[in-house]
Amino acid sequence: MTVVYFTALALLTLSAYVLASRRSVALSSTGVRLHSLPAYHGLLAISLVIVPMLLIWAVGTPLVSQFAASNALTNFPAETRNDALQAGSALREIKNLAAGQRSGDVSDTLRAAADTYSAWRTTGDYLLLSIGLAAALLGIAASLRLVSGPFRARNHFESVVRVILLACAGVAVLTTIGIVASVLTETIRFFFDPNIKGRPGVFDFLFGTEWNPQQAMRADQGDIKSAYGFVPLLTGTLLITAIAMCVAGPLGLLSAIYLAEYASPRMRRYAKPVLEILAGVPTVVLGFFAALTVAPYIRGWGEALGLDVASESALAAGLVMGMMIIPFISSLSDDVMNAVPQSLRDGAYALGATKSEAIKQVVLPAALPGIVSAFMLAMSRAIGETMIVVMAAGLAANLTLNPLDAVTTITVQIKTILVGDQEFDSAKTLAAFALGFVLFFITLILNIIALRIVRKYREQYD
Amino acid sequence: MTDATSTLPTQLPPARRRAIPPDVAAARVRRRYASERTFKALGIGALALTALFLVMLLTSIIVKSLPAFSEHRAVMSVLVDAAVVDPDGKRNADTLRSADYASLTRAAITTVIPGIEGRSARKALTGLLSSGAADDLRALVIADPSIIGTTIKTPMLFSDDVDLYLKGDTGRYTTAAGVAELTPSDVKGDITLTAADQSFAALIAELEREGISADAEAGAHVLDGRIPSRVVYVNGGAVKVVKATANTLTGPVLLPLSSVSPAKTGSWNLTTYAQPESRRRISDQEIVFIDKIKSAGAIERGFNWRFFTSGDSREPELAGIRGALIGTALTLFVTLILCLPIGVLAAIYLEEFAPKNWLTDIIEVNINNLAAVPSIVFGLLGLAVFLNYFNLPRSAPLVGGLVLALLVLPTIIISARAAIKAVPPSIREAAIGLGASQQQAVFHHVLPLAMPGIMTGTIIGMAHALGETAPLLMIGMVAFIVDVPTNISDAATVLPVQIYLWSDLPEAAFQQRTAAAIVVLLGFLFAMNGAAIWLRNKFERRW
Amino acid sequence: MENSTVDLSAIERVEAARTAHLTAGAKPAKVLARDVNVYYGDKHALKAVNVEIPDRGVMAFIGPSGCGKSTFLRCINRMNDTIASCRVTGKITIDDQDIYDRSLDVVQLRARVGMVFQKPNPFPKSIYENVAYGPRIHGLTANKAEMDDVVQSSLEKAALWNEVKDRLQDSGTGLSGGQQQRLCIARAIAVNPDIILMDEPCSALDPIATAKVETLIDELRSNFCIIIVTHSMQQAARVSQRTAFFHLGTLVEEDSTKTIFSNPKDQRTQDYITGRFG
Ligand SMILES: Nc1ncnc2c1ncn2[C@@H]1O[C@H](COP(=O)(O)OP(=O)(O)O)[C@@H](O)[C@H]1O
Ligand SMILES: [Mg+2]
């Protein structure tokens with residue numbers, strides 16, 4: 001049906017354009033002066049067809065499917081309908097059956113429900129199609145009526161375009177709203193919805209030191225105790241981030257200083273791609289490298305020194321995470337150092353400072369805010385990074401600061417909880433969204449502060 | 001002027017400077033230059049270390065990936081038995097498809113090493129072949145039914161363990177020529193090999209060193225799977241050593257002997273496989289078979305095309321990236337057709353039309369912050385909104401593409417804005433001065449001029465999307481999917497997720513394939529970034 | 001032969017579009033400004049300007065830099081609309097039509113009032129496309145032959161045809177500075193405006209190119225109302241028939257060029273033309 005609808009849309013669009021522009025050409029050949037080129041009369045006609053038809057489709061399709069589903073479910077007993085889980089699985093079966101993707105024995109109820117569903121869908125789809133066609137034809141008629149010499153088709157079409165442009169820019173806002181809404185609502189339910197079994201209090205979450213999101217899957221497992229203490233995840237995340245910053249901070253900053261202040265253009269030409277390639281390596285690749293090359297190496301090296309190294313040590317993940325953010329720090333710091341005016345350096349040189357003295361005593365202090373914000377942005381990257389830690393750090397929520405131990409992170413837990421079969425509406429699933437909220441919040445704060453600092457700093461030298 | 005002069009002392013007092021002895025001053029300067037050199041060396045060191053990281057990363061992955069690009073096959077004569085393939089002789093496609101080709105490949109390999117008896121030995125022999133060998137044969141027959149009833153010579157894929165063994169992963173061994181005449185007690189079954197007394201003293205001593213002492217009950221040293229295994233090759237056959245005394249070796253025949261006649265000194269040998277049997281995935285029996293097939297010249301090594309032409313599989317030797325590649329293409333297609341127009345139009349709005357007001361401010365702040373939201377959070381968005389709210393299909397490129405589009409949208413908007421900003425205002429003024437509307441000026445003049453910059457930004461954004469994994473895990477693109485997807489609502493996976501999935505599997509062959517898939521992924525990324533750089537250099541216009 | 005008939009019809013059509021405005025009123029004043037004030041945000045850039053600009057001929061705006069010449073010029077084709085902070089009060093009419101009237105389509109206004117900028121700004125397209133762009137967006141030609149004709153006649157009027165006729169498909173940005181500026185003039189007259197605004201059109205050109213452009217302006221003045229901003233008093237004296245002197249956002253004095261340069265009424269004008277300030 002979708003195909004029919006969009007074929008109709010395409011055909012109507014085409015004919016709207018042809019009709020309206022032909023009409024305006026005909027008008028001008030009779031000597032009427034046109035305000036707008038015929039093409040604009042055509043384009044306006046097109047927008048009068050596409051916009052209503054797309055709107056009708058976008059609003060109507062979910063409505064039809066919703067309506068068909070709720071009607072189909074009336075074939076089932078009330079307790080099935082009222083249980084969200086059962087209703088959901090029944091609905092899936094109905095849809096599969098209606099789509100002909102299900103073979104084998106089918107109960108009568110199900111068959112009847114599928115028939116209801118198909119019937120309602122068909123009716124609804126035809127209804128949609130006819131509404132859409134009617135709207136499009138109205139649009140064409142209106143646009144043809146509008147064609148006249150003084151009619152400002154271009155101006156009207158441009159208003160339509162402007163709205164479209166604004167809508168596109170609004171997608172970014174919608175995305176943020178979507179993120180906040182989805183994460184926040186689930187988080188609130190996690191803490192406050194009385195129907196969720198095993199949910200923790202806000203205090204237990206924020207200050208609890210035990211993380212064990214196990215869920216009793218069956219009644220006989222009832223004694224499994226779940227715990228949602230966030231502290232070990234936070235310390236784990238921060239431990240790995242700290243290791244990463246220890247690696248990337250000095251390396252990234254020193255590379256940036258060298259590139260910005262010392263390197264010849266030739267050197268820059270070769271060194272920059274190295275950093276760019278490193279920046280472009282997907283994190284799943286870095287994770288593989290961390291888990292299969294770095295971690296065994298560190299373990300072997302630790303054993304040689306007589307240390308007890310976990311096979312998924314925080315150190316391995318942190319080191320590779322550091323590799324990931326080196327290019328990030330170096331390119332941002334490079335930018336801020338380039339923004340320091342040459343006159344400051346010249347002042348230092350004129351006093352007889354060596355290059356390194358000028359850098360250490362003049363350039364770096366001047367660039368400090370920018371560098372601090374670069375570090376903050378890099379940290380937020382590291383905190384939000386998922387694949388490296390998923391592959392190289394563990395699942396064990398140990399509350400430790402020993403880099404040789406296994407720790408887990410916020411992102412690892414989100415991924416672990418949400419990948420694979422999830423029970424919707426369980427405390428465990430909601431916990432992942434709560435973690436997502438915390439993650440979003442932490443990185444957002446870091447970013448806002450960093451961007452503030454950068455902006456202040458830019459204003460200073462602009 | 002005059003005022004100022006009058007208040008100044010006529011002569012300035014001499015500058016009060018501490019007199020520094022020349023040697024101290026020189027030392028000071030030397031120290032300052034030394035610190036200058038140190039500082040510079042630190043910078044170079046940091047860069048070098050970063051480069052070293054990159055080199056280590058790339059070499060470790062490339063080295064690991066190399067074996068995955070080739071595969072071993074047994075070139076054998078297969079009788080395409082009409083009784084098995086097409087019993088009723090009607091060449092019915094369904095019959096041909098459902099026939100038991102595995103029995104044919106099994107039969108074929110048992111003809112290479114005839115005379116194997118015993119269930120486990122036969123199983124070991126037929127198990128050398130991959131289950132894919134039968135599928136290949138099926139494909140051959142369906143493509144050309146005229147071969148039914150004939151004997152054809154065709155390569156058949158080995159299982160991953162055999163492949164790895166042949167690639168030299170586990171095969172380290174040492175051979176000692178026989179030092180005395182050796183008499184087998186039989187040609188098959190459990191047999192005893194007897195030689196003059198003290199012939200095996202050296203072996204016994206070796207076993208003692210490996211921690212095996214004489215077993216009182218058996219009256220011999222008993223070898224087990226935890227120590228390197230020993231095999232005696234004698235009279236064209238092979239015997240595994242299970243028990244050893246100073247003059248006898250006892251154990252099962254792995255490969256039938258041709259006779260029981262005494263083997264002369266030097267005509268037999270004792271081979272020690274360094275890796276204990278329990279620590280490898282391939283048994284002594286299998287090693288003996290493979291070596292036999294190899295010495296028959298029936299093994300070939302070829303490029304692993306299958307890696308690029310087949311989908312995922314539980315069998316490492318059959319697993320390929322085609323499904324992931326198509327999934328990636330579909331996903332990126334959705335991403336591109338969404339985020340390119342939306343991104344460019346949004347950038348045009350913000351650069352050219354947006355009034356200075358709170359709404360514009362909100363949009364701008366939004367885009368900047370969105371660019372730094374962790375990718376996994378976009379996955380949560382996809383899960384909660386696209387899957388649970390809009391009921392879009394799980395694991396589908398459609399949803400993956402949607403999520404990635406939102407993820408790279410800020411990147412594209414930011415780079416498109418930069419490209420639009422770089423077009424000088426004089427071009428807009430010229431058009432507007434001629435009576436073009438603002439939109440005409442933008443769409444006729446500014447946008448075409450900004451296009452190379454926009455394309456560069458888009459390619460970089462798409463490269464980013466290509467390497468993204470975490471958000472796709474959230475929306476279920478992690479399922480094990482054998483079928484190659486054909487449209488955007490099929491269940492699919494993408495290359496980075498395939499890498500993640502394989503990296504978790506224990507088989508060494510999968511590790512190699514992971515590395516190979518990474519090489520392919522990096523190849524695409526380098527190509528895309530190269531294209532972006534080329535585009536930038538070719539079309540960059542300095543105003 | 002057939003070509004020439006097409007030529008004629010094209011020229012007629014374009015000419016008709018132009019005279020449609022001209023015949024509207026045979027008033028001597030083409031542009032009339034009454035009490036025009038311009039603000040950039042809080043900055044009062046132009047204060048109560050009143051001026052009448054006659055049809056045909058060249059009017060020059062002179063004055064020290066920052067005095068508001070460009071600002072006033074840009075009011076006449078409403079280029080100031082593109083600056084968000086800019087606010088214009090008062091009344092400007094062209095042929096008795098209020099150009100700040102809400103019902104007026106600014107795009108059509110600009111088709112009647114062409115503009116040439118300080119720095120030559122040809123589109124980075126072919127010479128042909130540069131000239132053809134205006135007629136195309138205003139739908140002035142019906143086919144390729146007509147367009148060819150408009151392009152040729154515009155380039156001829158801009159005294160550029162002989163230099164570029166063999167390379168119409170070359171990029172406009174590849175021309176020399178003076179040629180680029182004449183291309184911009186050709187581009188402006190291709191739309192067949194009544195008025196051409198020129199904002200220091202020669203300030204980026206060398207003396208020889210300047211001379212060529214000045215000759216061109218002199219030739220065009222019988223067909224167009226030209227308003228030129230210049231910082232060179234010699235240029236004003238050479239090309240214009242009337243001159244207006246601006247100072248600190250006010251129009252100090254407006255008269256025939258001869259009077260302004262020989263016998264100015266205002267002391268500030270006197271000081272300026274004798275080089276006391278500016
Ligand atoms: N876009 C603008 N925003 C704010 N002020 C402006 C702008 N353009 C011009 N001005 C101010 O208006 C005054 C007149 O400028 P302008 O008309 O360009 O002078 P000129 O006579 O040199 O052409 C100047 O003081 C200038 O600073
Ligand atoms: Mg000016």
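Chain C carries 11 helices and 10 strands. The model is predicted.

**Chain C**

- Of the 278 residues in chain C, 55% count as buried.
- Take the contacts in chain C between residues at least 6 apart in sequence: 67% of these join residues at least 24 apart.
- Chain C has an accessible surface of about 11900 Å². Carbon and sulfur atoms account for 50% of that surface.

**Chain B with chain A: extent**

- Between them, chain B and chain A bury about 6600 Å².
- Of this buried area, 76% lies on carbon and sulfur atoms.
- Chain B puts 75 residues into the contact, and chain A puts in 78 residues.

- The rule finds 1 salt bridge across the interface of chain B and chain A.
- The salt bridge pairs A:E357 with B:R32. Their closest N and O atoms are 2.8 Å apart.
- Between chain B and chain A, 12 residue pairs are in polar contact, with both residues at pLDDT 80 or more.

**The chain B side of the interface**

- Helix 2 of chain B, residues 22-65, gives the most to the side that touches chain A. Its share is 21 residues.
- By class, the side of chain B that touches chain A holds 54 nonpolar residues. The other classes there are 16 polar and 5 charged residues.

How values were computed
Residues are numbered from 1 along each chain as its sequence is written. Chains are lettered from A and ligands numbered from 1 in the order in which they are written. This is a predicted model: local features need pLDDT of at least 70, side-chain atom pairs count only at pLDDT 80 or more; totals for chains, interfaces and linings use all residues. Side-chain values use heavy atoms; hydrogens and water are left out. Helices (H or I, at least four residues) and strands (E, at least two) are DSSP runs, numbered from the N terminus. Buried means under 20% relative accessible area, exposed over 50%, partly exposed in between (1.4 Å probe, protein chains only). Contact means heavy atoms within 4.5 Å. Accessible areas come from the Shrake-Rupley method with a 1.4 Å probe; for residues, only the protein chains shown count as cover. Buried area is the accessible area (1.4 Å probe) that two parts lose on being put together, summed over both. A salt bridge is a side-chain nitrogen of Lys or Arg within 4 Å of a carboxyl oxygen of Asp or Glu. A polar contact is a pair of N or O atoms within 3.5 Å; within protein, one must be able to donate a hydrogen and the other to accept it, and residues adjacent in sequence count only if both atoms are side-chain atoms. Ala, Val, Leu, Ile, Met, Phe, Trp, Tyr, Cys and Pro count as nonpolar, Asp, Glu, Lys and Arg as charged, and the others, Gly among them, as polar.
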